[in-house]
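User: I'm new to this one. Can you walk me through it?

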Amino acid sequence: MTPLEPFGARLRRAMDERGPLCVGIDPHASLLADWGLSDDIAGLERFTHTVVEALADRVAVLKPQSAFFERFGSRGIAVLERAVADARAAGALVLMDAKRGDIGSTMAAYAATYLAPSSPLFSDAVTVSPYLGYGSLRPALDLARESGTGVFVLALTSNPEGAEVQHAVRADGATVAATMLDHLRAENAAEAAAGAMGSYGAVVGATLGGSAGAAGAELSIDGPLLAPGIGAQGATAADLPKVFGAAVRDVVPNVSRGVLRHGPDVAALRESAARFAGEVQEAVTASGPAAH
Ligand SMILES: O=C(O)c1cc(=O)[nH]c(=O)n1[C@@H]1O[C@H](COP(=O)(O)O)[C@@H](O)[C@H]1O
């Protein structure tokens, strides 16, 4: 396998060139209706193609939410495959939001699905859940290193229910979330030593306010921090420095419905993404000088 350049380096370059915004491709049934589309494979295809056409040549990352495609069965997956290929061809990095997590031997099959270059769903990175134990993710972490792809591990999720697991305190006094972030920092150590951004990211909700600190979590992991929750879940770009502090420059903020609700007009989708990107840039710049 000829590996791609490591994901972290590719992502940092895309963030520098296009700004750090990630837009989700989340074809909710309600959005299909709002766009005047049918809740079927034709509607799914039209919606997805429109988002890719509008944004893949300008945002750093597109994040298709796999569930919205899986609900249409094999034909939905075919639409997803096409979206991944088209978005990558137009220059966006594709983060597959599949939130997979299983015992290690099964995890290897999930990893191959998204991170093996020969797979029809090959993506630049995938979201995974570490709540079968961080070590269960090893096949994905290793395949990512081999294929130049990335992995985003759920650490502090944007939903209020996450705290009962993620803020739980272990026997050694650390919270579960802080432990996941420590694992990721260790995973990124070699790239950090070389002055590069690592390929192992964490998901930390933009909605958390001060509660990331309350979980005793050091958010700097020398890798990217995916921050969902801006727009429909109530967070704004101005929350990013408050939640992330000095780590804000490693943040990839995600907006899904906040942008998608402006479709199906391509110009309106672009304008909305540009507005969020501008607000993010303003918030990051106001937070202080770049460390790199
Ligand atoms: O991993 C994710 O992307 C994710 C993690 C998390 O903690 N919270 C969260 O909202 N997400 C995803 O981010 C997207 C947020 O969508 P909007 O609320 O419409 O902007 C959805 O696709 C969620 O599945």
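Analyst: Here is a short tour by question and answer. Keep in mind that this is a predicted model.

User: Start with the middle. How many residues has the largest nonpolar core?

Analyst: The largest nonpolar core has 91 residues. Val153 and Ala202 have the most contacts inside it.

User: What does alanine 202 touch?

Analyst: Leaving out residues up to four places away in sequence, Ala202 touches Phe152, Val153, Ala155, Met180, Leu181, Leu184, Ile221 and Leu225. As background, nonpolar side chains tend to be buried together in soluble globular proteins.

User: New topic, the ligand. Which residues come nearest?

Analyst: Thr157, Ser158, Pro228, Ser256 and Arg257 do, out of 19 residues around the ligand.

User: What classes make up that shell around the ligand?

Analyst: Twelve residues of the shell are polar, four are nonpolar and three are charged. Strand S8 (251–255) and helix H13 (257–260) each supply at least two residues of the shell.

User: Now helices. How far does H5 reach?

Analyst: H5 covers residues 74–89, which is 16 residues. From first C-alpha to last, H5 reaches 23 Å, close to the 22 Å expected.

User: Which residues of H5 are buried?

Analyst: Gly76, Val79, Leu80, Ala83, Val84 and Ala87 are buried in H5. Down the axis of H5, these buried residues fall within an arc of 140°, so they line one face of the helix. In general, an α-helix has 3.6 residues a turn, so residues three or four places apart point the same way.

User: And which are exposed on the other side of H5?

Analyst: Ser74 and Ala89 are exposed there.

User: What do the buried residues of H5 pack against?

Analyst: Their partners are strands S1 (22–25), S2 (61–64) and S3, plus helices H3 (41–55) and H4 (67–70). Just after H5, glycine 91 takes a positive phi of about 105°.

User: What about H6? Which residues are buried there?

Analyst: Met107, Ala111, Tyr114 and Leu115 are buried in H6. They cover an arc of only 75° around the axis, which puts them on the same side of H6. Ser105 and Ala109, on the other side, are exposed.

User: How long is H6, and what does its buried side pack against?

Analyst: H6 spans residues 104–115 and has twelve residues. Its reach is 15 Å, close to the 16 Å expected. Its buried residues pack against strand S3 (93–100), strand S4 (125–128) and helix H7 (138–147).

User: What is phi at lysine 99?

Analyst: Lysine 99 has a positive phi of about 45°, although it is not a glycine. Lysine 99 lies in strand S3.

User: Is aspartate 222 buried or exposed?

Analyst: Aspartate 222 is buried, because 21 other C-beta atoms lie within 10 Å and 20 or more are enough. Its phi is also positive, near 60°. Aspartate 222 lies in the loop between helix H11 (211–214) and strand S7 (225–227).

User: Last one. Where is threonine 179?

Analyst: Threonine 179 lies in helix H9 (residues 176–187). With 19 other C-beta atoms within 10 Å, threonine 179 is partly exposed. Threonine 179 touches Arg170 and Ala174, not counting residues up to four places away in sequence. Threonine 179 and glutamate 218 are 39 residues apart in sequence and 9.6 Å apart in space, C-alpha to C-alpha.

Key: Residues are numbered from 1 along each chain as its sequence is written. This is a predicted model: local features need pLDDT of at least 70, side-chain atom pairs count only at pLDDT 80 or more; totals for chains, interfaces and linings use all residues. A nonpolar core is a set of buried Ala, Val, Leu, Ile, Met, Phe, Trp, Tyr and Cys residues joined through C-beta atoms within 7 Å. A residue is buried if 20 or more other C-beta atoms lie within 10 Å of its own, exposed if 12 or fewer, and partly exposed in between; C-beta atoms are placed from the backbone. Two residues are in contact if their C-beta atoms, placed from the backbone, lie within 7 Å. A residue is near a molecule or strand if its C-beta atom, placed from the backbone, lies within 6 Å of it. Helices (H or I, at least four residues) and strands (E, at least two) are DSSP runs, numbered from the N terminus. Ala, Val, Leu, Ile, Met, Phe, Trp, Tyr, Cys and Pro count as nonpolar, Asp, Glu, Lys and Arg as charged, and the others, Gly among them, as polar. The expected span of a helix is 1.5 Å times one less than its number of residues. The arc is that of the directions from the helix axis to the C-beta atoms.
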